[in-house]
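Dear colleague,

I am passing on the structure below, and after it I set out what I found there. Please read the notes alongside the coordinates.

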Amino acid sequence: MGAVPSTPRHTSTTSETADYLIGTFVGEKSFPLASDFWQKLLELPLSLRWAPHRVQQACELFALNNHHTRHLAKILIHLSWCLREAIQTSGAPSLVYLKAINAVYISSVFLKYIIENSQSDTIEELCLSLHENEPVPMDFMNDQKIENLVMHNVIAFLGSIDVSPTTSLLHQELLSFMLVAMSTQLLSGPTPGPKDVNPFLDAAMSKESLLVNLVVRRLLLNYIMRPRLPSSSAASYSIFSEESQRGVLQRVGSAAANLVLLPFNYLISSNSEGSRNQLADCSLHVLLILIHYHKCVVSDGLITDKSDERTTSDTVSNVNTYFTVNPYNKALENARDIEFDRADIEGNAQNGPVVRLPFASLFDTLGMCLADETAVLLLYSLLQGNSDFLEYVLVRTDLDTLLMPILETLYCASRRTSNQIYMLLIILLILSQDSSFNGSIHKMMLPGVPWYNEHLLHQTSLGSLMVIILIRTVQYNLSKLRDVYLHTTCLATLANMAPHVHRLSAYASQRLVSLFYMLSRKYNKLVELRDDKLQNKAISTADGLVEDMSAELQIYTDFLRIVLEILNAILTYALPRNPEVVYAIMHRQEVFEPFKSHPRFAELLENIYNVLDFFNSRMDAQRMDGELSVEKVLLFIINNCRSWRGDGMKMFTQLHFSYEQESHPEEFFIPYVWQLVLSHCGFSFNADAINLFHVDLHANKQIYYEEPNTNQNGELIEHRVQLDP
């Protein structure tokens, strides 16, 4: 066989044939599309194995010869034909699926190697075209793009063929192929530009809306239904694997280590992330990549959507670029409930077909899986972009299905990534924008919260628990993350909730007052540091440090004012319903004293002291001998709440914060999605080739996951909270 790897020592004629066929596939000889070589290659038994080091050699040899043989393009064409036959043939015979599985699997192995080892900016090594003199069948159009042909048939199969015991393995392999094909994004920088090369993703974006809707629906149904691959299929397909090894190509290094190609190649663990399911997880990863893709193109004229204008530094100066519409994101945003559609009732039916989904099942599945970051990102995408799903969530009477796993995850923030914490807090902020949500969470009582260890929470409302966890998150952020954006989001959510608070628990009320004290200590420390620097001008960097501290001081001044406005909103709009808040303020009234004359806080503290004066004066008038117990003081407050009329209280405009996505969210979401793919589905990639996000090259040459390295800041401008990469 010349340069082809030598035949392994097997006595089986089938093994020798397979070794010859695969060796020939990666060798120097080019076979035309119509050659019977392809049929023999694709009809190999699924039980054959090849050692990992020989797969590495085969990949290297294939990359060397592909420019001449164009075998990658040819096997992709044969994959397309196999899928087309499977779609057109009702109850397709097993041989059709066997050929398709072989084609997609072999394509994935060698496609991945070429992508992650590409040396050119345009990934020319793919050679996704045939030579001009290449003989082709009569019905093959030479001018069609092979990436368009293969992605059309992959998407068509996924969208139109149901998952069944017969088809499930091919579905899994096609999803894995899509991950490989779309991994060209890892080669580009974090900011999409017109020079980025993503041939398969661009081909997917060009599909018609009907096909897009079908595949979006299928991917979400896979996630909801969580179909399992038959054990017989999972056990049988192990080509290119050592007989004693469980993972296919698992030890091949950058060529194909831990490819998500086979059911047993994915390491499944039973944990709090719900019932892990390979097909469901892979479907979600593919969907997230598709909906967050942004194709940047150079404008050849007027740009109709000015909000999408931008200038990129790697193009000719002053050249306008814009993002094309993402049909998958649009399909997700327009998805409707299969059981009820508000548009149908209101007579404003959607133009054209839309994705119909069982929102109830999707809601329940998300609640089961929210400990998983990818589920959090899907929930965010739905709530932020799909108004129908947001409205559906808000009218559910069992909001604890979603909120309890969210709050538990925030409670365990030290074991989570910063981005997961951010996404969960944004979800809570989006929900808190609705007044009915803020009211209903205080009416739902929890008999207990077993995972909360600091305090026994018995018969606590869901709203009280949410207040407790948000304040605890602020405390964690003060000591660990020190991130302004996180503070902003927590306080914004609490401010939205404040006017609707109902019977806030004693513990939550205490934590709310402690929040002011906690932030005031940080504020006072900053004041002391600033004053010390002002008195010591001998330090050369004093001016810069003072300026930085003054900016941070201003931020914490804003935070303290928001907390005072939260307390004001409760006292102004809901005092009779919240005696525990009054008790907590009375019990810790000394924490407000140092700020009575502060120009930013004085008017807000007037209201708080108005309440204190009202209750203190009545308590002094009724004080009896001996100390009053907590129970007696609380009973006194409850009784006097009935006579509270709010005399002398200044009315302030209710704070209302809303979440607004940053103008170019792709700079955050595209790297984030791929970090999740690398960390959650066993898909590895050559770290040296990754430009999409920072990789510590000294840690591991095969990157699986690294804590996202993003700079996120947030500010309160016109009461909007932005996710600012």
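I would start with I123, which sits in the loop between α5 (94-116) and α6 (146-160) of this predicted model. I123 has a positive phi of about 50° although it is not a glycine, and with a relative accessible area of 4% the residue is buried. Most residues other than glycine have a negative phi.

As for the aromatic side chains, the structure holds 28 aromatic pairs. In one of them, F62 and F110 are tilted, with 4.8 Å from centre to centre and 40° between the planes; because F62 lies in helix α3 (residues 52-69) and F110 in helix α5, this pair ties together parts that are 48 residues apart in sequence.

On confidence, the chain has a mean pLDDT of 83, with 80% of its residues at 70 or more. However, pLDDT stays under 50 over residues 1-12, for which the model has 24 contacts beyond four places in sequence, and likewise under 50 over residues 302-318, with 29 such contacts. Where pLDDT is low, the predicted coordinates should not be read in detail.

Conventions:
Residues are numbered from 1 along each chain as its sequence is written. Side-chain values use heavy atoms; hydrogens and water are left out. Helices (H or I, at least four residues) and strands (E, at least two) are DSSP runs, numbered from the N terminus. Buried means under 20% relative accessible area, exposed over 50%, partly exposed in between (1.4 Å probe, protein chains only). pLDDT is the predictor's confidence in each residue, from 0 to 100. Contact means heavy atoms within 4.5 Å. Rings of Phe, Tyr and Trp (its six-membered ring) pair if their centres lie within 6.5 Å; planes under 30 degrees apart count as stacked, over 60 as edge-to-face and the rest as tilted.
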